Amino acid sequence: MYILNARRERVQLARLDTEVLADPATGRAMVSVATRRGRDPVNASALVARASRAFFEIGGQQPGRAAEVAPQVGPPPVAFRETASGLLHVVYREIVIRFAHAISQKRRQEILKKEGFAVRRANPFIQDQIVVYDPRRKHSGEELVEVSNRWMELDEVVFSTPNFVSQFLRNVPPSIRPEEWHLKNSGGAKAGEDVNVSAAWKLTKGDPQIVVAVLDDGVDVEHSNLIGNIADGGRDFFVPADNPEHLNPRPKKFTFPFDQMVGNDIHGTPCAGIIAAAGKKKGSVGVAPRCRILGIKVFHADDLAQGENVANAIRYAATHADILSCSWSGGIRISSRP
């Protein structure tokens, strides 16, 4: 199976078998993934189960009721593994579609109605982009991909994609060593492997008017070496906009061992330090210590993240910052374009 990306290129996907089961520990519903090697509860299943609870209301519990498996209405979430990158993408009921600006509302409704879809919400940043769903809840994950591909073939559509919740990879966390080799490395076998910032510092060490958005797993906005360089307006796009935590860009997920990136929000703060650490009390200094940092949280440790939210985070950051720092990677472009 394949999905057409925003450039109308084919991206190959391999379907993973999913089913809704009862969690033996809590009795709540959970989405399980089966692979050719059998059950995989630690990797794919755990990621898909957490994504389903976070984004698809699978395994939720109504207040005041005992834990139970809610009846499944329609096909369950479906997981795909991107063939080229191996990254996971999960889809359930929704498609993101952007129409060309000149297309009338009547024609837009005709396109949606032909496939049996209705509008769930409009994008707050792009007026021609909406999230749609099938009120009858009859489309499987594969059918959502096929509908999206058909819409991609229409002249009226700029792009469409299932509203994937996807796996992103944070790059290896940067190390700020006492000798600050990343700024000036003058000796050893790796001499010269640095940013050679000395010449730039003769001209400038940054400007408080320049804001750098760090889109990552959160920024410790109260860190003693960053607090003076934090810009207002940080956001957490991993959670919905009506969640109080949406206004809190700090790291939030920590599990033992705390110095390992798996399971922890420990990547964004070092990235912010590389950019604009102030060098206070003999602490490390960033490349531009007079610039300001805008913390934009898009990831929750290694959990899957919704492509729609990541794209909206980029749009938001682009209107509030001069430079965007994205020290992470995903699969081949299949989510909505920023």
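A nonpolar core is a set of buried Ala, Val, Leu, Ile, Met, Phe, Trp, Tyr and Cys residues joined through side-chain atoms within 4.5 Å. The model in the viewer is predicted, and the tour starts inside it.

**Stop 1: the cores.** Select Ala 213, Leu 215, Ile 296, Val 298, Phe 299, Leu 304 and Val 310. These have the most contacts inside the largest nonpolar core, which has 35 residues. Now colour β3 (29-35), α1 (44-55), β6 (88-91), β13, β15 (292-297) and α6 (307-320); each of them supplies at least two residues of this core. A second, separate core has 20 residues, including Ile 95, Phe 99, Ile 111 and Val 147.

**Stop 2: Ile 296.** Go back to Ile 296 and show its surroundings. Which residues is Ile 296 in contact with, leaving aside neighbours within four places in sequence? They are Ala 213, Val 214, Leu 215, Asp 216, Arg 235, Phe 237, Ala 313, Tyr 316 and Ala 317.

**Stop 3: Glu 222.** Next select Glu 222, in the loop between β13 (211-216) and β14 (235-236). Is Glu 222 buried or exposed? Glu 222 is exposed, because its relative accessible area is 54% and the cut-off for exposed is over 50%. Not counting residues up to four places away in sequence, Glu 222 touches Ile 227 and Arg 250. Arg 250 is 28 residues from Glu 222 along the chain, and their C-alpha atoms are separated by 8.8 Å.

**Stop 4: a surface patch.** Last, select Phe 254, Phe 256 and Phe 258. Together they form a nonpolar patch on the surface with about 400 Å² of accessible area. Phe 256 sits in the loop between β14 and α5 (268-276). Phe 256 is exposed, with a relative accessible area of 72%.

Terms used
Residues numbered from 1 in each chain as written. Predicted model: local features only at pLDDT ≥ 70, side-chain atom pairs only at ≥ 80, totals over all residues. Heavy atoms only, no water. Helix = DSSP H or I, 4+ residues; strand = E, 2+ residues; numbered from the N terminus. Buried < 20%, exposed > 50% of the residue type's maximum accessible area, 1.4 Å probe, protein only. Contact = heavy atoms within 4.5 Å. Patch = residues over 30% accessible without salt bridge, like charges linked within 9 Å, V, L, I, M, F, W, Y side chains within 5 Å. Areas by Shrake-Rupley, 256 points an atom, 1.4 Å probe, with all protein chains shown as cover. Salt bridge = Lys/Arg side-chain N within 4 Å of Asp/Glu carboxyl O.
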